[in-house]
Structures are given as C-alpha cells and as structure tokens.
Amino acid sequence: MNTASLAQDLLSAYGRIAGLPDLKFEPHGCARLLFDGTIAVDLEIDEDAGCVQVYGVLRPLPDLGREGLYRALLEANMFGTQTRGATLSIDPVQHEVLLSRRVDVAVMTSGQAFGDLLNEFAGTLDQWRARLQSGELAASAPVAAGDDLPLLSHPAGTVGMGMRA
C-alpha cells in the first residue's frame with residue numbers, strides 16, 4: 001500500500017473515532033483539522049518520505065529581535081523535551097514560525113494512536129502560541145560569545161559542554 005493510501009486510512013479511522021466519518025485528505029494530499037475552534041493543525045502527505053507532515057503556524061516572524069527568538073527556538077528543540085518530540089522551525093517562504101512533526105504512516109498503529117498524536121500536537125501548538133504571544137521568549141538576553149556553554153570540572157581541567165578547545 002502506498003503512503004497516500006496508508007495516510008488516508010489513518011485519517012479516516014481517526015475521523016470515525018472523532019465523530020467525523022467523512023474526514024479525508026484533499027486531492028492534493030492536504031488536510032486541516034481545527035481543535036477547540038482555534039488551533040489549526042495542517043497535514044500533508046509526503047509520498048517521497050513515506051510520511052505525513054503535521055504542522056501548525058505559531059506566529060509570523062518578527063521584523064526585529066529575531067536573534068533572541070531564534071536562540072529560544074533552538075534551545076527548545078534540544079532533544080525535543082520542550083516540544084514533546086516536535087520541531088520548531090522557520091518557514092522561509094511564508095516568514096512564519098512553525099511547529100512540525102513527521103508521522104511515519106507505515107509505523108503508526110491505529111486511528112486511535114494517530115488521534116492521540118494529533119491531540120497532543122494540538123496541545124503543544126497551543127502552549128507554544130501562548131508562550132510566544134506572552135512575550136516570554138522575547139526577553140531572552142543576548143549572550144556574549146564564549147559565555148553560552150556551561151563548564152564542567154574535569155581532571156584535565158575545565159571543559160565546555162560544547163567541547164570547544
């Protein structure tokens with residue numbers, strides 16, 4: 001079975017569980033789900049990668065103060081702990097901050113598992129929107145070069161976590 005068929009089967013199974021029996025991808029392989037009336041989650045079938053790309057727009061990219069935002073987004077991406085395994089990124093065409101996640105349709109086990117993933121993703125998207133709208137991340141102070149790596153004590157001397165010599 002090809003990626004598009006597997007993806008449609010998952011979306012249809014989730015739709016039946018969610019009370020949306022006619023839920024399906026558009027002919028060009030896209031779908032948009034709206035959670036709680038305000039959280040848009042987009043899905044795109046990526047046939048070449050064998051997956052569904054799940055993503056949502058967090059905000060437009062600001063004209064000024066991008067450095068602090070970029071740093072905060074990169075730090076949040078580290079090991080996926082602040083994103084529940086999703087990835088924060090910048091859309092270079094639309095100039096927007098995105099949260100995205102790749103779903104391997106050959107591995108996804110059921111419509112329920114797909115629905116659980118989508119619900120968790122929508123919650124993470126909502127939390128990140130709130131953080132960005134609150135200005136919490138805009139307050140990130142720039143860090144001087146070399147001051148950004150925590151130091152560890154080591155028998156050979158003090159070593160930076162980034163392994164700089």
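**Charged side-chain pairs**

Mentor: Arg32 is exposed, its relative accessible area being 59%, where exposed means over 50%, buried under 20%, and partly exposed in between (1.4 Å probe, protein chains only). The model is predicted, so that local features require pLDDT of at least 70 and side-chain atom pairs count only at pLDDT 80 or more, while totals for chains, interfaces and linings use all residues. Residues are numbered from 1 along each chain as its sequence is written, and side-chain values rest on heavy atoms, with hydrogens and water left out.

Side chains of opposite charge can pair when their charged atoms come close. A salt bridge is defined here as a side-chain nitrogen of Lys or Arg within 4 Å of a carboxyl oxygen of Asp or Glu, and by this rule there are three.

Arg32 forms one of them with Asp42, at 2.7 Å from N to O. This pair links distant parts of the chain, ten residues apart: Arg32 belongs to strand β1 (residues 30–35) and Asp42 to strand β2 (residues 39–46). Helices (H or I, at least four residues) and strands (E, at least two) are DSSP runs, numbered from the N terminus. Asp42 is buried, at 8% relative accessibility.

Glu75 and Arg71 also meet in a salt bridge, at 2.8 Å from N to O. Both lie in helix α2 (residues 66–77), four residues or about one turn of the helix apart. Glu75 is partly exposed at 42%, as is Arg71 at 29%.

Arg101 and Glu120 are joined at 3.9 Å from N to O. They link distant parts of the chain, 19 residues apart, with Arg101 in strand β5 (residues 96–104) and Glu120 in helix α3 (residues 111–134). Arg101 is partly exposed at 23%, and Glu120 is partly exposed at 38%.
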